[in-house]
Amino acid sequence: MGDPSGKRTAVHFHGYLWVGEKAEFDKESRRRLPVEPWPGADPDASAQRVALHRTLTEEFLRSPLPPIEVALWLLKPARLVAGSWDGAESAAAWLGARLEEYAPRFEPPAGGGAAHLRGLVGRLTGTLLRGGDVSLGYYLGAPAFLSLAVVACSPNRAAPGLPCPERAEGRADGRATARDEGPGFQPAPASGAHPAA
């Protein structure tokens, strides 16, 4: 598998966790990568559209809000990566641990309890093994919402041209480290996200 530099790389996975107000999550315009503006007949209006597009794109890239297109997490800053793994099973185990951790706060409660969550993680493992991305969302009680995602990287199947966020921010070896923070892991809340209380 290749990357834009032509070097052969192995698929690895990045995990993302966001807890915040559902009202923020519902602001879909802030969760979409802006479409490039069409040039118009009026040069001043075109310049304004280009400037607005640039501003909106910068806001999207800096925002900790989960993107609507799951693969676009890879465009976000590396500080938003909650964990990285070389194997799909390890990434799925992280998802399972987060689901187990937050399940007591789900509203409504997860039907089927722990058995349901184990089955879900099993199905998601299959998706990851095939190089797919996964994204989950749960209400945690008004106004909180949990968004979890695991995104395949180097390359991403849905968007193979996207860079690895850790490589883009200058990791010496250009690879995600294999790490599994375990069930107690809690990433530092990103700006705009609320800590899981």
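Which side chain makes a polar contact with the side chain of Asn 156? Before selecting anything, note that this is a predicted model, in which local features need pLDDT of at least 70 and side-chain atom pairs count only at pLDDT 80 or more, while totals for chains, interfaces and linings use all residues. Residues are numbered from 1 along each chain as its sequence is written, and side-chain values use heavy atoms, with hydrogens and water left out.

**Stop one: Asn 156**

Select Asn 156, which is found in the loop between β4 (144–153) and α5 (165–168); helices (H or I, at least four residues) and strands (E, at least two) are DSSP runs, numbered from the N terminus. The partner asked about above is Asp 133, whose side chain is 2.9 Å from that of Asn 156. A polar contact here is a pair of N or O atoms within 3.5 Å; within protein, one must be able to donate a hydrogen and the other to accept it, and residues adjacent in sequence count only if both atoms are side-chain atoms. The side chain of Asn 156 also reaches the backbone nitrogen of Ala 159, at 3.0 Å. Asn 156 is buried, with a relative accessible area of 0%, where buried means under 20% relative accessible area, exposed over 50%, and partly exposed in between (1.4 Å probe, protein chains only). If neighbours within four places in sequence are left aside, Asn 156 is in contact (heavy atoms within 4.5 Å) with Ala 71, Leu 74, Asp 133 and Val 151.

**Stop two: the hairpin of β3 and β4**

Next, show β3 and β4, which run antiparallel and are joined by 6 bridges; two strands pair if DSSP finds at least two bridges between them. The two strands form a hairpin with 4 residues between them, and Gly 141 in the turn has a positive phi of about 100°. Tyr 139 stands opposite Phe 145 in β4.

**Stop three: aromatic rings**

The structure holds 6 aromatic pairs, a pair being rings of Phe, Tyr and Trp (its six-membered ring) whose centres lie within 6.5 Å, with planes under 30 degrees apart counted as stacked, over 60 as edge-to-face and the rest as tilted. Among them is the stacked pair of Phe 106 and Tyr 138, at 4.1 Å centre to centre and 0° between the planes. This pair links distant parts of the chain, 32 residues apart, with Phe 106 in the loop between α3 (88–102) and α4 (113–129) and Tyr 138 in strand β3 (residues 134–139). Phe 106 is buried at 3% relative accessible area, and Tyr 138 is buried at 17%.

Now select Lys 22, which lies over the face of Phe 145 at 5.0 Å from the ring centre, and then Lys 76, whose charged end sits over the ring of Phe 60, 4.4 Å from its centre. A charge sits over a ring if NZ of Lys or CZ of Arg is within 6 Å of the ring centre and within 35 degrees of the ring normal.

**Last stop: two cysteines**

Finally, select Cys 153, which is in no disulfide (a pair of cysteine sulfur atoms within 2.5 Å), as the nearest cysteine sulfur, that of Cys 164, is 3.8 Å away. Cys 153 is buried, with a relative accessible area of 0%, and Cys 164 is buried at 2%.
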